[in-house]
Amino acid sequence: MTDSAQPLRRVVLVDGSGFIFRAFHALPPMSSPDGIPVNAVYGFCTMLMKLREDTRPDHMAVIFDTKGKTFRNDFYPAYKAHRPPPPEELIPQFGLIRDAVRAFNLPSIELEGFEADDLIATYARQAEAQGAHVIIVSSDKDLMQLVTDRVEMFDAMKNRTIRAAEVMEKFGVAPNKVIDVQALAGDAVDNVPGVPGIGVKTAAQLIDEYGDLDSLLERAGEIKQPKRREKLIENADLARISRDLVTLKTDVPVTHPVDDFDLLEPDPDVLLAFIATHGFKSLAAKVKAKYSGTVDANGLTEAGTGVNDVSVTKAQYELVQDEERLKHWIAQADYEGTLAVDTETTSLNAHQAKLVGISISIKPGEACYIPLGHGLGDDDVAPVATGAAQGGFDFDSEPKEAAPAKDIPKQIPLKRAIELLKPLLEDRGILKVGQNIKYDKIIFARYGIDVAPIDDTMVLSYVLDGTSHGHGMDELADLHLGYKTIKFADVAGSGKKQITFDQVPLDKALDYAAEDADITLRLHRILKPRIAQEHMASVYETLDRPLVPVLAKMEGIGVKIDADILRNLSSDFATRMAVLEKTIHEMAGEPFNLGSPKQLGEILFEKMSLTGGKKTKTGAWQTGADVLEGLAAQGHDLPARILDWRQLSKLKSTYTDALATHINPKTGRVHTSYGQTNVNTGRLSSNEPNLQNIPIRSEEGRKIRTAFIADKGCKLISADYSQIELRLLAHVAEIDALRTAFKNGEDIHASTASKVFGVPIEGMDPMVRRKAKAINFGIIYGISAFGLANQLGIPQKEAKAFIEAYFEIYPGIRDYMERAKDFAKTHGMVRTLFGRKIYINGINDKNGMRRSFGERAAINAPIQGGAADIIKRAMIAVPDALTDAGLKTRMLLQVHDELIFEAPDDEAERAVKVIRDVMENAAHLTVPLIADAGIGNSWADAH
DNA sequence: AAGATCACG
DNA sequence: GACGTACGTGATCTTC
């Protein structure tokens, strides 16, 4: 890469993963202002500060483990297999500690498949070979084998240097014999077997006597003690495997040589923003003293530090058309550690879009655009069966050489650009920022790149501001930067004349695309610090950020739909609609458009003079289902037939016809898109197509679910939370009677009915249970007597009495409601259990109706939002749990309280166990969480 | 582009 | 005392 600016003399390698665990256990619990635990992060920051002072390195890096399997598991699966999961309070700190490294402007290094120890070993030897002195900041005994004349360790917590003498003390041998001793003694914690019955003491003695492990095993027969001799002979292979396990790899294919780790000064503003906003006050003072940061009394960075300087100079936007320039940009991005990235494609649909270009920004105002698919002609994308799953891309069929050469601008071949960008975009130490980066992740995944780690300005904006405003880039740029972006329509036109991006001339494409990346980076610099300042780190770091890759994966996989079943249903519905239409026209005495509420209203209430008609606020007759049901109950046939027709019409147009058009020809599956920033309460939404409102309540509608099928050799699993919102209500409102009922596994509606109406559960009238169920739901929605009366078709007075009785049975509900309303009135928002802010519109409106609306929303939001948080936690944890269990089951869909999976036939049962376990433990409340699950060949079957 | 309707949790 | 109301979405169709 880049030449080292400084000679390599003194290298500090920090074992980040080791440190975080020790700091966590050594330091008392600390919370950042928003309540997430930060003791390990604090310890880490003070350590880094001190280390820079004390060790005065010229090169420095922090190295981390990656989660998941390493090469050691390939030859010894049990290696580190029984590690308990990290403590709950430590989990959010893993991400923050990486942020801390970046804030200190240090390289953060990790590599999948290798432990931090192997990377440290590789770098230590690299540096040593160049004659440098190396300090490994760790107290891990597994690293002691690396100690030499030039390599020492430093225990930052005990302030103790570890050299050959200290290693001798620990292992009884010189550092170069440590491996042999470990191979014999083994390690219970890491599941390194060693030789049974031999501990460190004996091992050291043996190695001392025989020289090394191989000689010892060879001459094991000479050992005098019979027990020891037998054990050694018997377990020679175990000792050799153990040696392989404990031997650190010194030739890891690292992406950055040690020369790249020049020590850089941190940007005081960035560092102070990080430190101050996590509440590290004393540390902030130290940093301020050392660097001249512009920090005001509140610990917030002042404006005018360049962040809001939005004079975008196009001169710094570069069109990258050759490999050399691309390599230059990659090296720069590598150096910065953070980049904004944006893809330009031929379609808003990420599952069929063709990549046209990539823009990257590494500093505000500095961005490039890399055109890759301009002027290459129309959609000659990969042919259908590429063999690549998930609509994968066939590079070899692209570009189509037949296109006239003169129209094709100079561009780096797509395949080559992908090859060059892949290490950068997958580098765990480099943060990739995107605006709606889920889209770009799906695109890149189709070209074989797994973009990580990520930040998303759209999600940041959502977590911070809820749905008080939109989160589109144009809107955010205007709002936060006062900057008007170039609109897509400005470069591609609009309406019928709109062209796809591959046809946009390069100069215009550059202006537009580079600006997108530039603005994204600028927005990130404004929004990211606010996360900590406004105490939203927990929500962002543990819920919404980790959810992004999960959703991208689910969308990429999609769900299989049987088009034949849909076609048959469509034609069945069409026939029956035609019959109904004829009948209705005859009954009406004239033909009219059944789909027109306006015409229907006139027929019903004017021509036929039916009574009970009401008008909407726009003066049209109401013809909703409730009105028609009322008329039908009076014995009128026409409205009843209309209801039948409407049901079929809805099913046909919205489902059986429409779903088929969403089947992706390349994958044969339907790929929805989840909206992560659309719903005020924190729920997801689903669109194009919406797979969260597939019919189930009616017999006819349910048939549509038979078309959602499992892939060949697979089953579908549906797992849903039982009564999650009521359980959450019982928890947050602290309703003992309700909590007890859930703990005892009672039928909650029957239990409520029994208490409210004073009847035994045994032999209960179903109508009574139905009433209780309606009240239970009503409570969640912010009940009113009117609403309940309407729902149950009973007088308002009666409904009011029910509600009063309910409040008597469950005292505390009323308190909860009042608390929620008061909180919303004071703060303009309410919070979920996990700290998500939900802004409540109209809560202080002087219009009574709008205010009541806000009040009901304030009651509902913590419950609906809390349930959404819980299932998000489950969604983040389930895929890893399945992988850890060695299963191939994939998560496909989420429907608010339900998750759908596709599992190979022979593992479905095992997958269900894992899924339920994760879902039920996604949160620990004062009521149990229960997830029910079913297995079937179709969604209808599995439910 | 808005409103009505209706599918889901 | 009368308003009007269950909470949260997205898709389709008609009408303007």
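**The core and the DNA-facing surface**

A: Let's begin with Ile870, which touches Tyr721, Ile724, Leu728, Phe834, Ala922, Ala923, Leu925 and Leu929, leaving aside residues up to four places away in sequence; contact here means heavy atoms within 4.5 Å. Together with Phe44, Ile370 and Met875, Ile870 touches the most other members of the largest nonpolar core, which has 210 residues. Such a core is a set of buried Ala, Val, Leu, Ile, Met, Phe, Trp, Tyr and Cys residues joined through side-chain atoms within 4.5 Å, where buried is under 20% relative accessible area, exposed is over 50% and partly exposed is in between (1.4 Å probe, protein chains only). Apart from this core lies another one, of 52 residues, including Leu8, Val151, Met153 and Ala236.

A word on the ground rules: this is a predicted model, in which local features need pLDDT of at least 70 and side-chain atom pairs pLDDT 80 or more, while totals for chains, interfaces and linings use all residues. Residues are numbered from 1 along each chain as its sequence is written, chains are lettered from A and ligands numbered from 1 in the order in which they are written, and side-chain values use heavy atoms, without hydrogens or water.

UniProt, in an unreviewed entry, lists residues 701–907 as "domain: DNA-directed DNA polymerase family A palm"; its positions follow the numbering used here, feature names are shortened, and annotations may be inferred rather than shown by experiment. That span is 57% helix and 14% strand, with its end C-alpha atoms 30 Å apart. Helices (H or I, at least four residues) and strands (E, at least two) are DSSP runs numbered from the N terminus.

Asn776 sits in helix 30 and is buried, at 0% relative accessible area. Its side chain makes a polar contact of 3.0 Å with that of His749. A polar contact is a pair of N or O atoms within 3.5 Å; within protein, one must be able to donate a hydrogen and the other to accept it, and residues adjacent in sequence count only if both atoms are side-chain atoms. Not counting residues up to four places away in sequence, Asn776 also touches Leu726, Ile748, Thr752 and Tyr806.

Now to the DNA. Phosphate oxygens of DNA strand C lie 3.4 Å from a polar side-chain atom of Gln599 and 3.3 Å from a polar backbone atom of Asn680. Several elements give two or more residues to this surface, among them helix 23 (597–607), strand 16 (685–687) and helix 31 (785–792), but helix 34 gives the most, with 6 residues. By class, the surface near DNA strand C has 10 nonpolar, 17 polar and 5 charged residues.

DNA strand B has 19 residues around it, with Thr623, Lys650, Ile696, Arg697 and Asp897 the closest. Of its atoms within 4 Å of the protein, 75% belong to sugar or phosphate and the rest to bases. Helix 25 gives the most to the surface near DNA strand B, with 3 residues.

Note on methods
Ala, Val, Leu, Ile, Met, Phe, Trp, Tyr, Cys and Pro count as nonpolar, Asp, Glu, Lys and Arg as charged, and the others, Gly among them, as polar. A residue is near a molecule or strand if one of its heavy atoms lies within 4 Å of it.
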